[in-house]
Structures are given as structure tokens and as C-alpha cells.
Amino acid sequence: MAHERVRQEFTRQAPHLEAAPAFRSSPVLDWLRSAAAAGPGDRLLDAGCGPGLVLAALAGDVREAVGLDLTEAMLHLAESNCRQAGHGNVRLECSPMEELPFDDASFDVVVSRLTLHHLEDPERALGEMARVLRPGGRLALADLAASEVAEEAALHDALETIRDPSHVRVLPTTAVRTALEAAGFAALARDHHAQPRDFDEWAAIVGDPARTDPLRVLLLALARAGIGAGIELHEEAGQPAFTHHWQLWRGRRA
Ligand SMILES: C[S@@+](CC[C@H](N)C(=O)[O-])C[C@H]1O[C@@H](n2cnc3c(N)ncnc32)[C@H](O)[C@@H]1O
């Protein structure tokens, strides 16, 4: 059911998300490349690769790059983006992150961007990422960060879910650290990225005014009432605006 919702939602979002400046030129792409620290002998997995923007940015650094996603429409875009970038070393797999179809210790590097908050069982997916990494292999994981204040985090999740029903839960950094340690990652280090969001740009990615027009009204009312939802919700020129906080984790398979 959760997987079906992801497939439906990301089949509709695929072309919008692929074109979105927030995905194409994010400083998080540079961070992922540097944290992956991949070399020409490495085999790299991008778990939840979407339209392959991360994969296309990193495939040139490695021997083989594998992109995995649940959504076929995303994998078609990933194939085309990697081909256009001239990479002949990319393989794509349509599978869930919670059950990776790869051998133990078969990758040197695993990266994943903006996927954890779509998973019903993020701990299981992190366990799978650890399983397929060789001991000492590197993880670079980037996702939104929730407020540590539970009421703010719950409101943030509610707003994200109205926009995109495949949203499950943004985790606070404390929960992600615990899950990473339990999965078997060590030498953990966390960076932070703050991404100001303009409502129209954020709404355009889902391409469904039936959801985002009422959401605009709701966000504006919350902003005017001084409710920040852990994302510094505020009003700019009569429109709602906010900041997405990102947690950027690097670590090693113990
Ligand atoms: C917000 S997009 C991010 C795409 C890509 N990582 C990027 O940052 O450009 C989330 C992606 O995760 C995929 N996804 C969500 N749940 C998944 C799961 N359980 N297994 C595999 N892929 C999943 C979706 O199909 C979608 O392509």
C-alpha cells in the first residue's frame, strides 16, 4: 500500500521533480559528492535515485554506479540523464530500499538523498544499506530534519502530507543518529543545510493545484498566526515561505 502510493505519486511528480532547480542545483549535490569521496575502483549505490540527478553527478567518479528506485518513471529519467551525461557504467534496478536485491558487502559507497521521509520503516532501509556496504564502506545520507519539538514536527509532517501523500515522517537528527548506529554505521558526522523555499517552487514539484491551492491558504494563516512549524514559516510579499532544514550524514560501515 505504502509502496503503491509512492509509485503513484512519483510517477506524477517525475517530470516536475527532474526539472526543479531545488533538485538540479542544490549545494547538497556537492556535499554528497564530497562525502561519498568515491574513487575509480569503487562500486556505488544510490538508493531511491529518482531521476538520477545524484547518480549522474557521481557516476563519473566510480567504476560502476547502481541506481535503485521503486518508480519506473523515475528510472526512465535516470537512464536518460546518465546517458546524456555520457556515463556507460550505470545500472538501474526497480526495487524497494527495504529489500535491496544485492549481495552482502557488494558496494564501496552508498548514497541516498530525500528518501528516508518516504519510508514506513526507515530503520529497515538503513539496515539494508549497511548490509550491502563492505566493512569500512562509506555512507552519505541527506534528508530533511524535523524539529526536536514533537508538536512542531507533527505539524510539519501534516503540511508535507497534504502536499504529497507519499510523505511519511521527517525524522529529527537524534532519531537518525540512533537508527544509523543501530544499523551498524560508525564514525558518524553530521552537517546542516538550510534551504529557503518559495511556496510556488515547492508546490510546482507536485503539480496538483487541488492540493496546493488550499495548502497555500493554510500556510499563510499559520504564518500570520506566528506558528513556525519548525520550518520558520513566514509571509513574504503576501505569500507563504519557509526554510527546509537538512541533515547531512556521513559515516562508515563498522
Ligand atoms: C523526493 S524523491 C528523491 C529522488 C532522488 N534521491 C533525488 O534526490 O534526486 C524520492 C524518491 O524515492 C523513491 N522511493 C520512495 N520510497 C521508496 C522505497 N521504499 N524504495 C525505493 N525507492 C523509494 C521515490 O520513487 C522517489 O523517486
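**Close-up views of the predicted model**

**View 1. Surroundings of the ligand.** The ligand is surrounded by 21 residues, of which the closest are Gly48, Gly50, Thr71, Met97 and Arg113; a residue is counted as near when its C-beta atom, placed from the backbone, lies within 6 Å. Helix α1 gives the most, with three residues. By class, the shell holds 12 nonpolar, six polar and three charged residues (Ala, Val, Leu, Ile, Met, Phe, Trp, Tyr, Cys and Pro count as nonpolar, Asp, Glu, Lys and Arg as charged, and the others, including Gly, as polar). The model is predicted: local features need pLDDT of at least 70 and side-chain atom pairs count only at pLDDT 80 or more, while totals for chains, interfaces and linings use all residues. Residues are numbered from 1 along each chain as its sequence is written.

**View 2. The protein as a whole.** The protein has 10 helices and eight strands, assigned as DSSP runs numbered from the N terminus (helices H or I, at least four residues; strands E, at least two). Its C-alpha trace spans about 55 × 35 × 35 Å along the principal axes. The radius of gyration is 18 Å, which agrees with the value near 18 Å for a compact globule of 254 residues (taken over C-alpha atoms; the rule is 2.2 Å times the number of residues to the power 0.38).

**View 3. Crossing of helices α6 and α8.** The axes of α6 (residues 122-132) and α8 (residues 173-183) come within 9 Å and cross at roughly 45°; axes are lines fitted to C-alpha atoms over the stretch in contact, with angles from 0 to 180 degrees between N-to-C directions. The two helices are therefore oblique to each other (under 35 degrees is roughly parallel, over 145 roughly antiparallel, 65 to 115 roughly perpendicular, and the rest oblique). Pro122, Glu123, Leu126, Gly127 and Ala130 of α6 make the contact with Ala179, Leu180, Ala182 and Ala183 of α8, contact meaning C-beta atoms, placed from the backbone, within 7 Å. This contact comprises seven nonpolar, one polar and one charged residues.

**View 4. Packing of helices α7 and α10.** The axes of α7 (residues 150-163) and α10 (residues 209-224) come within 9 Å, crossing at roughly 155°. Helix α7 is therefore roughly antiparallel to α10. Leu159, Ile162 and Arg163 of α7 meet Arg211, Thr212, Leu215 and Leu219 of α10. Four of the contact residues are nonpolar, one is polar and two are charged.

Conventions: Contact = placed C-beta atoms within 7 Å.
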